Amino acid sequence: MSAHPVHHRDPDEPLFPMPPLTEAALRVAVTRVDLSAAVRFEQEFHAAWQEAVQTDSTVPMHTFLHRWGVFVALRRHPARATRLAELERAVAEATTREEARTRSSELAALLDEAAREVAT
């Protein structure tokens, strides 16, 4: 038995502060919230970098950083991450167009909330 008390984290509290929108900080955060997404992060980072070089534009990198910032913002709050998974499942399993629209609207609200968090 451990001598350390078990801490039950409030699911509404973030696991960690929102990281800055840098490749290094987001890489650490992505690995922390979803290890399986780390491979996708690396692939998309290299693709964005290559596109930025080919087009002589920073837009691909800004888009990449914003997208992964939203990914982290959605998942660093346990309650929000749980709700995201529930809504994604509900949309996929919807049997009516109205049900799909309702759940999609809720998903959009979660995305908007995360995007606002990234923008601050």
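This is a predicted model: local features need pLDDT of at least 70, side-chain atom pairs count only at pLDDT 80 or more; totals for chains, interfaces and linings use all residues.
## Helix α3 and its length

Let's start with helix α3, which runs over residues 59-75.

## What is hidden along α3

The buried residues of α3 are Pro60, Met61, Phe64, Leu65, Trp68, Gly69, Val70, Phe71, Val72, Ala73 and Leu74. An α-helix has 3.6 residues a turn, so residues three or four places apart point the same way.

## Where α3 meets α4

Now turn to the pair formed by α3 and α4. These two helices pack at an angle of about 105°, and their axes are 6 Å apart. Because of that angle, α3 counts as roughly perpendicular to α4. On the α3 side, the contact is made by Ala73, Leu74 and Arg75, while α4 contributes Arg80, Ala81 and Leu84. What kinds of residues make up this contact of α3 with α4? By class, four are nonpolar and two are charged, with no polar residues.

## Arg80, a buried charged residue

Arg80 sits in helix α4. Is Arg80 buried or exposed? Its relative accessibility is 8%, and therefore Arg80 counts as buried.

The side chain of Arg80 has two polar contacts to look for. It is joined to the side chain of Glu113 at 3.0 Å, and to the side chain of Glu117 at 2.9 Å. Setting aside neighbours within four places in sequence, Arg80 is in contact with Ala73, Leu74, Leu110, Glu113, Ala114 and Glu117.

Glu117 belongs to helix α5. With a relative accessibility of 16%, Glu117 counts as buried, because the cut-off is under 20%. Its side chain also makes a polar contact of 2.8 Å with the side chain of Arg76.

Leaving out neighbours within four places in sequence, Glu117 is in contact with Met18, Ala73, Arg76, His77 and Arg80. How far from Leu74 is Glu117 in space? The two are 43 residues apart in sequence, and their C-alpha atoms are 9.3 Å apart.

## Ala37 in helix α2

Ala37 lies in helix α2, and its relative accessible area of 0% makes it buried. Not counting residues up to four places away in sequence, Ala37 touches Val30, Trp68 and Phe71.

For a sense of scale, pick out Ala37 and Arg101 together. They are 64 residues apart in sequence and 27 Å apart in space, from C-alpha to C-alpha.

## Residues in the loops

Finally, look at the loops that join the helices. Asp56 is in the loop between α2 and α3. Asp56 has a positive phi of about 55°, although it is not a glycine. At 73% relative accessibility, Asp56 counts as exposed.

Thr58 is found in the loop between α2 and α3 too, and it counts as exposed at 53% relative accessibility. Thr58 and Val33 are 25 residues apart in sequence, with 27 Å between their C-alpha atoms. The loop between α4 and α5 holds Ala94. Ala94 is partly exposed, with a relative accessible area of 22%. Beyond its neighbours within four places in sequence, Ala94 is in contact with Glu99 and Ala100.

Notes. Residues are numbered from 1 along each chain as its sequence is written. Side-chain values use heavy atoms; hydrogens and water are left out. Helices (H or I, at least four residues) and strands (E, at least two) are DSSP runs, numbered from the N terminus. The expected span of a helix is 1.5 Å times one less than its number of residues. Buried means under 20% relative accessible area, exposed over 50%, partly exposed in between (1.4 Å probe, protein chains only). Axes are lines fitted to C-alpha atoms, for helices over the stretch in contact, and angles run from 0 to 180 degrees between N-to-C directions. Angles under 35 degrees count as roughly parallel, over 145 as roughly antiparallel, 65 to 115 as roughly perpendicular and the rest as oblique. Contact means heavy atoms within 4.5 Å. Ala, Val, Leu, Ile, Met, Phe, Trp, Tyr, Cys and Pro count as nonpolar, Asp, Glu, Lys and Arg as charged, and the others, Gly among them, as polar. A polar contact is a pair of N or O atoms within 3.5 Å; within protein, one must be able to donate a hydrogen and the other to accept it, and residues adjacent in sequence count only if both atoms are side-chain atoms.
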